[in-house]
Amino acid sequence: MTSQRHYSPADRLLMQADAALRTLLPFSGQPARPSPAVLKNETELSESETRHVAGLMRINHTGEVCAQALYQGQALTARLPQVRQAMEQAADEEIDHLAWCEQRIRQLGSHTSVLNPLFYGLSFGIGASAGLISDRISLGFVAATEDQVCKHLDDHLSQLPAEDEKSRAILEQMREDEAQHSTAAIAAGGLRFPAPIKFGMSLVSKVMTKATYRI
Ligand SMILES: [Fe+2]
Ligand SMILES: [Fe+2]
């Protein structure tokens with residue numbers, strides 16, 4: 001008997017459906033770490049500030065839905081077992097971000113994006129395709145995506161009202177985690193993507209951010 005567990009295609013399909021539902025259904029992801037926001041006081045925001053912050057947090061939440069889908073897609077097609085394991089572990093860590101963003105959006109009296117299933121499907125396809133090409137491309141894609149997310153987070157941190165300490169605490173912790181994910185992906189053998197590919201990725205993410213800020 002080997003220590004490695006073998007799953008049939010049907011098992012994998014069911015596990016995949018379970019992961020997708022846990023990503024897309026409200027409050028179904030259980031964070032391993034409490035939200036950094038719990039240590040901060042809630043402060044009064046104006047109506048327009050509340051709407052703006054909710055829009056920013058909705059973008060970040062959808063970004064985390066995409067991260068889940070990407071990692072799950074990559075785990076499905078990764079060749080090396082250690083790469084598959086790394087992807088599954090990364091997806092677990094991102095559940096914290098997903099849950100923290102969702103909690104904050106609800107506190108602000110708003111909702112997550114209705115477009116999440118669409119972006120989940122697209123990202124899953126991209127992740128699975130990258131994994132099919134090679135593990136190095138797959139890891140490189142993680143690094144490039146995380147770099148992109150860091151840029152977004154910096155931009156959002158600069159846009160937050162100074163008094164919104166709760167949202168700031170969440171985004172700062174996410175910024176730290178994402179930078180670490182990028183470094184880890186390169187250290188694990190990820191390819192550094194050339195600038196034109198990164199530019200293409202930033203265009204795609206612009207479409208996502210424009211759409212999910214409102215809906
Ligand atoms: Fe994340
Ligand atoms: Fe990440």
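Student: Which residues coordinate the iron ion (ligand 2), and at what distances?
Tutor: In this predicted model, the iron ion (ligand 2) is coordinated by Glu 94 (OE), Glu 146 (OE), Glu 146 (OE), Glu 178 (OE) and His 181 (ND1), at 1.8 to 2.7 Å. Donors here are N, O and S atoms within 2.8 Å of the metal (3.2 Å for Na, K and Ca), and water is not among the atoms, so sites may look incomplete.

Student: How are the donor residues spaced in sequence?
Tutor: For the iron ion (ligand 2) the spacing reads E-x51-E-x31-E-x2-H. Glu 94 lies in helix H3 and His 181 in helix H6 (residues 165-187), so the pair ties together parts that are 87 residues apart in sequence; helices (H or I, at least four residues) are DSSP runs, numbered from the N terminus.

Student: What does Glu 94 bridge?
Tutor: Glu 94 bridges the iron ion (ligand 2) and the iron ion (ligand 1), and these two ions lie 3.7 Å apart.

Student: Are Glu 94 and His 181 buried or exposed?
Tutor: Both Glu 94 and His 181 are buried, where buried means under 20% relative accessible area, exposed over 50% and partly exposed in between (1.4 Å probe, protein chains only).

Student: How do the axes of H3 and H6 cross?
Tutor: The axes of H3 and H6, which are lines fitted to C-alpha atoms over the stretch in contact, with angles running from 0 to 180 degrees between N-to-C directions, come within 11 Å and cross at roughly 160 degrees. That makes H3 roughly antiparallel to H6, a label given to angles over 145 degrees. Residues in the contact (heavy atoms within 4.5 Å) include Glu 94, His 97 and Cys 101 of H3 and Met 174, Glu 178 and His 181 of H6.

Student: New topic: how many disulfides does a search of the whole structure find?
Tutor: The search finds zero disulfides, a disulfide being a pair of cysteine sulfur atoms within 2.5 Å. For Cys 101, the nearest cysteine sulfur, that of Cys 66, is 12 Å away.

Notes: Residues are numbered from 1 along each chain as its sequence is written. Chains are lettered from A and ligands numbered from 1 in the order in which they are written. This is a predicted model: local features need pLDDT of at least 70, side-chain atom pairs count only at pLDDT 80 or more; totals for chains, interfaces and linings use all residues. Side-chain values use heavy atoms; hydrogens and water are left out. Helices (H or I, at least four residues) and strands (E, at least two) are DSSP runs, numbered from the N terminus. Angles under 35 degrees count as roughly parallel, over 145 as roughly antiparallel, 65 to 115 as roughly perpendicular and the rest as oblique.
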